[in-house]
Amino acid sequence: KDESLVSTRIRFLVEGPKDAPLKVMTDGILLQEFRRDRLFQMYSAILIDEAHERSLNIDILLGIFKDVLRNRPDFRLVIASATLDAKLFEKFYENSAVLEAEGRMFPVQVVFADPQQNDSKSRGDSGLVEEARDAIIALEETVGKDNLLCFLPTERDIQDLQAELLSKMDESKFEILPLFGRMSPQEQKRVFKNSGKVRIVLATNIAETSLTIPGIAYVVDSGMARVSRYSPQNRIQGLPVEKISQASARQRTGRAGRVKPGICVRLYTQEDFESREEFTEPEIRRSNLSNVVLQLRSLGLSVEDFPFIQPPPRSAFRGAYKTLFELGALSGVARDARVTPLGIEMSHLPMD
């Protein structure tokens, strides 16, 4: 392989030659490049992968690219995802084309919970852990020993389930591995090492799209996840546990069946699944918009006229202007308030 072809850019780290024809970078780095190059003249094409995650940076970039495409007929934008609302994007970008590429997947049998035995409304955290434990043991003992990935909403759930499984399963045959975002990269890499034992990975939604664990035959899906939500009234960002969308459930199911026919056990009923939102609500509709306002204003873009693919309510911006004024990033709370020198400095910091 020719290492001169590709460079990688993430926060505080650049690897590979600067003139490499292919660049892999984070959405934050790409947004910062817009400050220097308003039409991305150094690129002939840009691919945004995992676009369904719809981070704040991705939503800003999607709006920016609409203007780039208008001014650069030669430019090509590719938006890729396994679970994407394609019609929404097709409507947003004029003259766009939707292409479907079927992945090489083995069949995955989906098993729902029995409606008579499952009541997700009254089920507590301990009930969720017990159901996951029973599902894992049933798969490994009755179907056959094979690598398994279990999705749980919180780190506490993972620790509780790990303790339950360690007390009931043979450690000489099974390796119980936790996986969550707060772990160091070295700790996370343990899930990729083959120790000769059957791996049972207990993960938050970090394993839904951020990491792909090879060799998974079984998935146990709790149907729950922590979701970041901002309360404008209390001005507090919270992480409540909520039901995942149908798209996220399909994404989790797809973790099995990559190397062989698989099984996905959902710890909720089919009726519950069908009542859920089809796609996950984008971050821009459930976040503090102070960062969005500061980024747009520091980039010289109008907040009011910016082409969001799914615009947040205008009332959400009022609190953002007030917060930025209190922090000294804006000269006032009016829409025409200028960004202060401190605000310019803040806009370059990779944090909320």
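**Helix α9 and its surroundings**

The buried residues of α9 pack against α1, α2, α10 and α11 (341-347), where contact means heavy atoms within 4.5 Å and buried means under 20% relative accessible area, with exposed over 50% and partly exposed in between (1.4 Å probe, protein chains only). Helices (H or I, at least four residues) and strands (E, at least two) are DSSP runs, numbered from the N terminus. The model is predicted: local features need pLDDT of at least 70, side-chain atom pairs count only at pLDDT 80 or more, and totals for chains, interfaces and linings use all residues. Residues are numbered from 1 along each chain as its sequence is written, and side-chain values use heavy atoms, with hydrogens and water left out.

Eight of the nine residues of α9 are buried, so this helix is largely enclosed by the rest of the structure. Among them are Val292, Leu294 and Arg297. Just after α9, glycine 300 adopts a positive phi of about 80°.

Val292 also belongs to the largest nonpolar core, where it is one of the residues touching the most other members; such a core is a set of buried Ala, Val, Leu, Ile, Met, Phe, Trp, Tyr and Cys residues joined through side-chain atoms within 4.5 Å.

Salt bridges, defined by a side-chain nitrogen of Lys or Arg within 4 Å of a carboxyl oxygen of Asp or Glu, number 17. Arginine 229 and glutamate 281 form one of them (2.9 Å, N to O). Arginine 229 lies in strand β12 (residues 229-231) and glutamate 281 in the loop between α8 (270-274) and α9, so the pair ties together parts 52 residues apart in sequence.
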